[in-house]
Structure formats: structure tokens, C-alpha cells
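Hi,

Here is the structure I promised to pass on.

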Amino acid sequence: YSTITIGKYAFAETSSLTGYSFERSYSVISEGLFENSGLDNAPDLSGCEIIGDYAFNGCDFDYPLVIPDSVISIGKGAFANSCRDQWGRLSLTIGKNVREIGDYAFYGCYGFSCTVTLPKTLESIGDYAFYNAGDFHDFTIPDNVKSIGKFSFYYVGFKVLTIGSGLTEIPEGAFKECFVEGVVLGDNIVSIGDDAFSDCMNLSG
């Protein structure tokens, strides 16, 4: 195949576009490529390394979301408001080589109800990255993660939340209003920000 480039926002605001398949793999999914389109399922992203900012923002997926092992970076707002099944029946799989999850990446994806395993390669999670993103059951932030953003897991459900030894700071509102029964803090936490765990009604000692 000849090489082609798909520009930013190429299929944005195409509400009648419900399906799309790539006949070749692309290392980069452009910024805003399908923003607010009618896609009900993410295309096969095999071979993709970078998912651009807002690439699938505002899509309304009805199927499990799989981020393949080829992906190393998930951009700002990449899947924001895209997984909103009201019955909480969707699952999320994040590939084993992702290094960064950008601000607002999965913001408002309240349709998730699943066990999510973050990869050991992950280094950073942005502001509001998983804000109101459903129920993640037992959940571990790996030791390699050095930073999480403010309000990064606001209003998310956990049974047990385990925070790895790579974090030294839990920022403002990171787990505010979470449905969590137990928290295991890493050995290197030296600072817990304002409202970090406020209004976590189910949290017990």
C-alpha cells in the first residue's frame, strides 16, 4: 500500500458514521479524528502507537474498548464521553506498553464496570483522566507510575484501591467522592492534597 495521511478532525461531527475500519495500520491516530462522530465501536487499533488528543471524544461506544499492546500514548480527551452505557456493561482493556494517559482521556466514561489492569510501563496519569469513569472493582496503580493528576479518579468505584510505591503525592481531589471500601497506600507517599479522599462514603479502616 502507498502511505497516506489522515488529517486532524477528518471525520469529526459525522453523526451518521456508525462504523469505520482501517485497511492498514496507522502508527498515529490524528487529533480529533472521529470526535463527535456516530461510531458505536472503536476501529481495530492494532499497530497504532499514539492515540491523538480527542480522537474519539464524544463517540458512543456500545462494545468493549481494547487498547492494543502497540499503543504507548493515549492523548488528552482521547476517549472522553465515549463509553456511557447507562447499565454499566462495558469493559476496558489497556495494552501492556502504554506509558502515559493524558488529561481527560476517559473522562465521563461511566459505562465501564470491569477489572482494569494498568500496565507496568505506565508512568503518568493526567488531570481528570478517569473522572466519573464507572466501576473498576479491585484496582492497582503500578509502582512505575510517578504522577497522577488532580481529580484523576473522581467519582469512580473501587472495592480495594492499591497505590504503588512510585507515587509520593496524591493531588487535590484525586479520589474525591469515590465508592471505595479499602485503600492501601504506597510506602513513599509524603503528601496528600486537599479533598483527595473526601466524601468517600464507604471507606472504612
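A polar contact here is a pair of N or O atoms within 3.5 Å; within protein, one must be able to donate a hydrogen and the other to accept it, and residues adjacent in sequence count only if both atoms are side-chain atoms. This is a predicted model, where local features need pLDDT of at least 70 and side-chain atom pairs count only at pLDDT 80 or more, while totals for chains, interfaces and linings use all residues. Residues are numbered from 1 along each chain as its sequence is written, and side-chain values use heavy atoms, leaving out hydrogens and water.

Let's start with Ser198, which sits in the segment after β13 (191–192) (strands are DSSP runs of E, at least two residues, numbered from the N terminus). Its side chain makes a polar contact with the side chain of Lys176, at 3.2 Å. Setting aside neighbours within four places in sequence, Ser198 is in contact (heavy atoms within 4.5 Å) with Lys176 and Glu177.

Now the aromatics. Rings of Phe, Tyr and Trp (its six-membered ring) pair if their centres lie within 6.5 Å; planes under 30 degrees apart are stacked, over 60 edge-to-face, and the rest tilted. That rule gives 29 aromatic pairs. One of them is Phe11 with Tyr20, a tilted pair with 5.2 Å between centres and 55° between planes.

Tyr131 and Tyr154 count as stacked because their ring centres are 4.6 Å apart and their planes at 15°. Tyr131 is in the loop between β7 (124–125) and β8 (139–141), and Tyr154 in the loop between β9 (147–148) and β10 (157–163), so this pair links distant parts of the chain, 23 residues apart.

Cheers

How values were computed:
Helix = DSSP H or I, 4+ residues; strand = E, 2+ residues; numbered from the N terminus.
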